[in-house]
Amino acid sequence: MRLLMIEDDEELCEAVSVHIKKESYELDICHNGDEVSYYLNGSAYDVIILDRMLPGVDGLTILENIRKKGNTTPVIMVTAMNGINDRIDGLDGGADDYLAKPFEVQELMARIRALLRRPRKIEDLTVLKFMNVELNTNTYVAACGDKSLSLSKREGALLEFFLLNKEQILTREQILGRVWGPDSFVEDGNIDNYIFFLRRRLKALDAKVSIKTIHGIGYRMERKENA
């Protein structure tokens, strides 16, 4: 199980981290609301622990953006704002649970376990599609109409990330975190090389999509003009 904690209180994060490790869960920690998209675009999570008051983008806005994108990951909102209207705003905004500060970490863990026991609708992401491009995420076979070819593991993971975020700008940091791993030491040239490889693959398939370079930022997969 992989959890994401979005919280600027580093002491609290450390205390929660100790208990998370005892449960044999993995935990990513984000201290700033402006950096949340890096984590959400780079990994899939089973539960998100979200503070309402954060530097940068506030927790309620983050929550609303998560739900607008169709992300159904269970969210526990934790905050010192414990008025009835605050709780209503959090729950109406898409939170699955609401925990007021200060709280015992053991109670947070119990709430996490309760959410993990809930049955979740499983979305079939075995085949991803955009325009005439299809990718089988189990085999990394890409196809356009009657043409198909097998991608390498890295090429397949890169195409998968673009298809999951079609027509959205992906920064080089997001691509690095998702395809190579957040702790990997990779030269910029490696990302450029794999973008080149993937573009060549898509051209061979007569794909009606292209990968556009957004200078100084990253890349975006978009439909070709007149496609």
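Residue E11 sits in helix α1, which covers residues 10-22 (helices are DSSP runs of H or I with at least four residues, numbered from the N terminus). The model is predicted, so local features need pLDDT of at least 70 and side-chain atom pairs count only at pLDDT 80 or more, while totals for chains, interfaces and linings use all residues. Residues are numbered from 1 along each chain as its sequence is written, and side-chain values use heavy atoms, with hydrogens and water left out.

E11 counts as exposed, because its relative accessibility is 67% (exposed means over 50% relative accessible area, buried under 20% and partly exposed in between, with a 1.4 Å probe and protein chains only).

Turning to the aromatic rings, the structure holds 4 aromatic pairs. Rings of Phe, Tyr and Trp (its six-membered ring) pair if their centres lie within 6.5 Å; planes under 30 degrees apart count as stacked, over 60 as edge-to-face and the rest as tilted. One of the pairs joins W180 and Y194 edge-to-face, at 5.7 Å centre to centre with 75° between the planes. Since W180 belongs to helix α7 (residues 172-180) and Y194 to helix α8 (residues 188-204), this pair ties together parts that are 14 residues apart in sequence. W180 is buried at 12% relative accessible area, whereas Y194 is partly exposed at 23%.

Y194 also pairs with F197: the ring centres are 5.4 Å apart and the planes stand at 80°, so this pair is edge-to-face. Both residues lie in helix α8, 3 residues apart, and are thus separated by about one helical turn. F197 is partly exposed, with 27% relative accessibility. Together, W180, Y194, F196 and F197 form one aromatic cluster.

Technical notes: Helices (H or I, at least four residues) and strands (E, at least two) are DSSP runs, numbered from the N terminus.
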